[in-house]
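Hi everyone, thanks for making time this morning. Let me put the protein up on the screen, and then we'll walk through it together.

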Amino acid sequence: MSAPVDDVVNASRQQQYVSDVASYREDFRRYLRDLDWAEEWRNSSFDNTEDELAYHAVVLSRVYEAGWNRYGWPELAGGYGGTEIHRAVYFEELAAAMLPVPEQHWTLEVLGPAVIKYAPELASQYLPNYLRGAEWWGQCFSEPESGSDLAGLRSRAVDDGAGGFILNGQKIWTSQGPTATRFLALVRTGTPESRHRGLSTFLVDADSPGITVRPIALASGRRELAEVFFDDVRVPRERLLGEVDGGWGVVMHLMQYERGMYGYASLTTALTELSWLRAEMAEHGSSSADRRRFAQLYVAVLAAQARAATTVRALAEGRAVGPNSSVDKLLCAKAERDINDLIMDARREWLIAGAGADGRELDAIRAKWWYTRAATIMGGSAEVQRGIIADHLLGLPKEKR
Ligand SMILES: Cc1cc2nc3c(=O)[nH]c(=O)nc-3n(C[C@H](O)[C@H](O)[C@H](O)COP(=O)(O)OP(=O)(O)OC[C@H]3O[C@@H](n4cnc5c(N)ncnc54)[C@H](O)[C@@H]3O)c2cc1C
């Protein structure tokens, strides 16, 4: 029996988009332009993270249904194939249409590629749900005593001799942790002295017995992060990524995406923010000093994006990026912080007077400013990135400690 005509047409269109990124871009742009709910998506603003994630889950389910966020992800993960370049184009087109990136994409960009590489069977089981907004995960790497120095972390997993591991310990600063369905946990399986050679990575269900998730309220009052406690949590061996004690390889692979791909996507968002700001500066007026700052920032964002594009291309070609992604992370974090400083300064009067915006919109702007104070900390602090660049890229003499 032959396949229905619609299926054949869709399959050939998918193949065309995979092999010809320009046609994917063009048709995705047309889809966004003609979308009857684009205005609602564009102007959506929330006074709490839970509602924002819930709305963005609906956005993802619609975009997935139409197929557009499936390019750049392998078929086993629910995608249609293609490379990181498709994902970069997806973010660029959202920015060009001034549409906010669904929040779940940020954690997916960080966690998804490592699961695809080190645990393809877990990727095929769960990533299609991630792409359609039915679930999202938290990255449980940092601990109260180990953020920059992950090799010193203390949470442990012990082989229970019955096909599983028992996890104990505490994680902190888990983004999207309060509502996550699963956690990618980095824990020690070797001796305390084994440092990075004795770590392993597990995908753990958030509702496993023994897990306690405690939301952390940020300065804005939003509960975007969480502490996660593991108390004799049993995890089946099938939830291990790669090998026992092979967690550092997973971390290094993941960091390329956390610093490079995430960086590229966040720069496209930065351009959206600059577009909003330009419109407002034109409407409300601006000082010549602010206009100069705007121009300098715009150039800085374009330069950082050009730099991050080389990382995206390398990842698309399957080349390791390694410490080079620290340059992207540094430039992108600075741009994100500087843009929000300018937004705050340019809108100060407007924000104080509250003219022309409702309370929810003002709250969202302030929350974003607060959040970007952490841009040079999350994903590895700026100081640590400078150290990596000095040691591994510039070959400078070792710092005396
Ligand atoms: C908004 C936000 C979201 C986050 N999301 C996540 C997440 O989803 N998952 C997760 O696992 N973690 C997450 N983190 C944690 C983040 O990765 C860590 O905060 C970061 O790596 C720094 O670690 P730390 O907080 O332990 O600070 P520390 O490592 O204690 O550093 C303290 C200070 O010392 C400096 N320092 C440390 N080591 C060096 C060095 N070798 N050279 C020079 N200076 C140094 C640092 O730059 C910093 O200024 C998030 C953090 C924030 C703020």
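Let's start at the ligand: how far is a nitrogen atom of the ligand from an N or O atom in the side chain of Ser-175? The distance is 2.8 Å. Please keep in mind that this is a predicted model, so to speak our working picture.

Staying with the ligand, there are 19 residues around it, and those that come nearest are Gln-139, Ser-148, Trp-173, Ser-381 and Glu-383. For Gln-139, a backbone N or O atom sits 2.7 Å from a nitrogen atom of the ligand. Gly-147 also uses its backbone: an N or O atom there is 3.2 Å from an oxygen atom of the ligand.

Now let's step back to the domains. The protein has three parts: domain 1 covers 5–135, domain 2 covers 138–245 and domain 3 covers 248–393. I'd like to look at domains 2 and 3. Their centres, taken over C-alpha atoms, are 28 Å apart. On the contact itself, domain 2 contributes 17 residues and domain 3 contributes 13.

How much area do they bury between them? About 1200 Å², with 69% of it on carbon and sulfur atoms. On the domain 2 side, 28% of the area buried against domain 3 comes from His-196, Ser-220 and Arg-222, more than from any other three residues.

What about charges and polar pairs? Zero salt bridges are found across this interface, and one residue pair is in polar contact. Strand S4 (182–188) and strand S5 (199–205) each give two or more residues to the domain 2 side. By class, that side has nine nonpolar, six polar and two charged residues.

Conventions. Residues are numbered from 1 along each chain as its sequence is written. This is a predicted model: local features need pLDDT of at least 70, side-chain atom pairs count only at pLDDT 80 or more; totals for chains, interfaces and linings use all residues. Side-chain values use heavy atoms; hydrogens and water are left out. Domain bounds come from an automatic or database domain assignment. Contact means heavy atoms within 4.5 Å. Buried area is the accessible area (1.4 Å probe) that two parts lose on being put together, summed over both. A salt bridge is a side-chain nitrogen of Lys or Arg within 4 Å of a carboxyl oxygen of Asp or Glu. A polar contact is a pair of N or O atoms within 3.5 Å; within protein, one must be able to donate a hydrogen and the other to accept it, and residues adjacent in sequence count only if both atoms are side-chain atoms. Helices (H or I, at least four residues) and strands (E, at least two) are DSSP runs, numbered from the N terminus. Ala, Val, Leu, Ile, Met, Phe, Trp, Tyr, Cys and Pro count as nonpolar, Asp, Glu, Lys and Arg as charged, and the others, Gly among them, as polar. A residue is near a molecule or strand if one of its heavy atoms lies within 4 Å of it.
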